[in-house]
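Subject: Structure handover

Hi,

Here is the structure you are taking over. Please open it alongside this email and follow the notes below.

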Amino acid sequence: MDEAPPTSVRPAREAEIPALRSVEVDAGRRFVDVGMAYVAGDEAPPLEWFRERLAAGRLWVAPGPTGEVVGYAAASEVDGEGHLDQVSVLASYSGRGIGRALVSAVADWARACGHDAVTLTTYRDVRWNGPWYRTLGFVDLDEEELGPELAAIRLAEAARGLDRHPRTAMRQVLA
């Protein structure tokens with residue numbers, strides 16, 4: 001596709017929530033290529049998960065050239081900091097700066113809320129996960145640096161079997 005990436009990210013709308021689930025499934029298929037079919041087969045979050053973030057003003061979308069949703073980001077507050085719950089972009093739109101724009105929207109929200117940082121959890125070595133977040137200024141956290149809520153998120157991920165490949169918690173200090 002030759003279309004330019006979206007020039008803006010905007011708050012999501014209720015009617016777009018089903019499309020966000022489709023974006024999540026499509027983006028997850030990339031994990032098959034790196035031997036992580038169990039991640040690719042993971043279900044998208046339930047509609048209520050999206051609705052909670054939408055109601056709290058913590059859900060953003062990237063519209064494509066004809067207005068369709070091509071990516072989204074969702075956030076929450078964890079240990080008194082902003083937390084990137086998820087960012088997903090349709091595979092056909094990967095590499096166009098859309099994910100970067102969505103992460104930037106989350107950082108802007110966190111700053112507006114008075115947070116000093118944004119945290120996330122991700123696969124440490126998967127190219128479009130840990131290495132990509134490091135290019136955005138996120139740094140890996142040691143276990144002793146995790147607050148209680150972030151530590152609980154990591155424990156829940158491990159209990160779901162997501163630690164079959166190395167995972168990490170990361171933080172981006174906001175300027």
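Touching, or contact, means heavy atoms within 4.5 Å. Asp 79 sits in the loop between β3 and β4. Its C-alpha lies 8.8 Å from that of Leu 146, although the two are 67 residues apart in sequence. Asp 79 is partly exposed, at 27% relative accessible area. Here buried means under 20% relative accessible area, exposed means over 50%, and partly exposed is in between (1.4 Å probe, protein chains only).

The backbone of Asp 79 deserves a look too. Its phi is positive, about 55°, and it is not a glycine. Most residues other than glycine have a negative phi.

A word on the source. This is a predicted model, where local features need pLDDT of at least 70 and side-chain atom pairs count only at pLDDT 80 or more, while totals for chains, interfaces and linings use all residues. Residues are numbered from 1 along each chain as its sequence is written, and side-chain values use heavy atoms, with hydrogens and water left out.

Now the whole chain. The protein chain has 6 helices and 7 strands. Helices (H or I, at least four residues) and strands (E, at least two) are DSSP runs, numbered from the N terminus. Their order from the N terminus is β-α-α-α-β-β-β-α-β-α-β-α-β. The radius of gyration is 15 Å, close to the 16 Å that the globule rule gives for 175 residues, so the chain is as compact as a globular protein of that length. That radius is taken over C-alpha atoms, and the rule is 2.2 Å times the number of residues to the power 0.38. The C-alpha atoms fill a box of roughly 45 × 40 × 30 Å along the principal axes.

How much of the chain is buried? Of its 175 residues, 47% count as buried. Among contacts with a separation of 6 or more, 68% join residues 24 or more positions apart.

Next, helix α3, which covers residues 47-55. Which of its residues are buried? They are Trp 49, Phe 50 and Arg 53. Seen down the helix axis, the buried residues of α3 fall within an arc of 95°, so they line one face of the helix. The arc is that of the directions from the helix axis to the C-beta atoms. Their cover includes α1 (17-28), β2 (59-63), β3 (69-78) and β4 (81-89). Just after α3, Gly 57 takes a positive phi of about 75°.

Beyond its neighbours within four places in sequence, Arg 53 is in contact with Arg 58, Leu 59, Ala 74, Ala 75 and Asp 85.

Last stop: Glu 157. This residue is in helix α6, residues 148-159. Is Glu 157 buried or exposed? At 9% relative accessibility, Glu 157 counts as buried. It touches Thr 121, Leu 162, Asp 163 and Arg 167, not counting residues up to four places away in sequence. Gly 80 is 77 residues from Glu 157 along the chain, and their C-alpha atoms are separated by 20 Å.

Best wishes
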